[in-house]
Amino acid sequence: MTDPRAFLLSLGHAAIRAALPDRIAEHLPQVPAGRTVVVGAGKAAASMAAAFEKLWPAPLEGTVVTRYGHAVPCSRIEVLEASHPVPDAAGLAASRRILSRLDGLKADDLVVALISGGGSALLALPGGDLTLDDLKAVNAALLASGADITAMNCVRKHVSAIAGGRLAAAAHPAKLVTIAISDVPGDDPAVIASGPTVPDPTTREEALAIVRRYRMDLPSAVMAHLESPVCESVKPDHPAFADGLDIRMIARPVESLRAAQAIAEREGLRTLVLGDTIEGEARDVAQVHAALARSVLEHGLPFPAPLLILSGGETTVTLPRDGTTGRGGRNSEFALAFAAAIQPLPRPLRDRIHAIALDTDGIDGIEANAGALVTPAILAAAEAQGLSPRAFLDRHDGFGFFAAVDGLVVTGPSHTNVNDFRAVLVE
């Protein structure tokens, strides 16, 4: 392979293309006798809205909210922007606007909900007597906790006035169709964007247990809310779900892995797909990937080189309680930990290992990069500048490290989101 860096970048772009909402045409519902109202939230909400309204053959109206910088032009659907991952006043206003779209609907009306990852923070409508500041405190605590996405969204559902099936309850008695792009391991619609349109199987007792397990320091008002029955989410016996669920998944993480695999196999390169449900601490997942690459080189196991290792899912980063916040997201953390793991290897081995990790939404954490690359040239540049991957990892500064050695992957907003994409090339 003449240019492993370019090859890995091409795989990342293929993974993103495979998750774009073009396939929404295959999942359109029937035109109703009454009104069609489109609502939605997530990093892909605007691109999904644009694709839907282009194909819809009847009148429609609606509102969706997406992350700042992720909007695309729509002519019939209102597109609003708000903050992610920490909610803001724009998200609060957008949530109220979305709920107002559902006022007065009848049984012959149709609600189409366009749901994708990121909707949990964008639908920033606090439950009960909670405030926006309370929601911000909850999100900040969750993001620093190291909890996986399922646990985080269990808590979010119980502090929200719109997640956990509440959007579906507001749409009743209209027919509800959810069109979704999955960003969660297992593609569970109850987890995507904290499940605003599906019943919630979790309970407030589970939410409280998660808060205690991860030792989250939450405002007293939030704890009082979680301890009150008023916070309970919408369950399967609600009338909104009497006729069952209509969930149409148009993109999944596994399809992005398959797109990358197809490119590799066209090049005659054997691939090992570890799956799309990899979770855990980013640095621990990186250690496993690095150990696997080393095993390929040293023992030819599980397969001899050359080999491409692919994986997806959603890792986490647990920040220390000393106030260290870090720079970069979980994919930069993965790449940094991967670099630290392979750096001690003998150069003849190390120089045959290349890796990429990126978030398919184009934004890793709150920085401008989608992720990062690890190549022999990048490690050599770090050594020439006296930069230690381990030292940067200790302070969670993946962005700072890779910015200094030309290792950042910058795609801009991709207008989709099927979570993490990782590829390790062993020459």
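Phe-338 touches Ala-286, His-289, Ala-290, Ile-353, Ala-355, Val-374 and Val-424, where residues up to four places away in sequence are not counted and contact means heavy atoms within 4.5 Å. The structure is a predicted model, in which local features need pLDDT of at least 70 and side-chain atom pairs count only at pLDDT 80 or more, while totals for chains, interfaces and linings use all residues. Residues are numbered from 1 along each chain as its sequence is written, and side-chain values use heavy atoms, with hydrogens and water left out.

Phe-338 also belongs, with Leu-308 and Phe-421, to the residues with the most contacts inside the largest nonpolar core, which has 58 residues. Such a core is a set of buried Ala, Val, Leu, Ile, Met, Phe, Trp, Tyr and Cys residues joined through side-chain atoms within 4.5 Å, where buried means under 20% relative accessible area, exposed over 50% and partly exposed in between, with a 1.4 Å probe and protein chains only. The largest share of this core, eight residues, comes from helix H11 (residues 282-299); helices (H or I, at least four residues) and strands (E, at least two) are DSSP runs, numbered from the N terminus. Apart from this core lies another, of 54 residues, among them Val-37, Val-65, Leu-226 and Cys-231. In soluble globular proteins, nonpolar side chains tend to be buried together.

Glu-383, found in helix H14 (residues 376-384), is by contrast partly exposed, with a relative accessible area of 38%. Its contacts, not counting residues up to four places away in sequence, are Gln-343, Arg-347 and Arg-350, and the C-alpha atoms of Glu-383 and Gln-343, 40 residues apart along the chain, are separated by 9.7 Å.

Turning to whole helices, eight of the eleven residues of helix H2 (residues 45-55) are buried, so H2 is largely enclosed by the rest of the structure. The buried residues of H2, among them Met-48, Phe-52 and Glu-53, pack against strands that include E1 (36-41), E2 (61-67) and E6 (247-251).

How do helix H5 (residues 132-145) and helix H6 (residues 149-157) cross, and at what angle? Their axes come within 10 Å and cross at roughly 170 degrees, and H5 and H6 are therefore roughly antiparallel to each other, a term for angles over 145 degrees. In this pairing, Val-138, Asn-139, Leu-142 and Leu-143 in H5 meet Met-152, Val-155 and Arg-156 in H6.

Some backbone details remain. Most residues other than glycine have a negative phi, and most peptide bonds are trans. A cis peptide bond, with omega about 10 degrees, joins His-84 and Pro-85, and Pro-85 lies in the loop between E3 and helix H3 (89-100). Another cis peptide bond, with omega about 0 degrees, joins Leu-301 and Pro-302, the latter placed in the loop between H11 and strand E9 (307-316). Ser-194 has a positive phi near 65 degrees, though not a glycine, and counts as buried at 1% relative accessibility. Asn-419, also not a glycine, has a positive phi of about 75 degrees, and at 2% relative accessibility Asn-419 counts as buried.

Terms used
Axes are lines fitted to C-alpha atoms, for helices over the stretch in contact, and angles run from 0 to 180 degrees between N-to-C directions. Angles under 35 degrees count as roughly parallel, over 145 as roughly antiparallel, 65 to 115 as roughly perpendicular and the rest as oblique.
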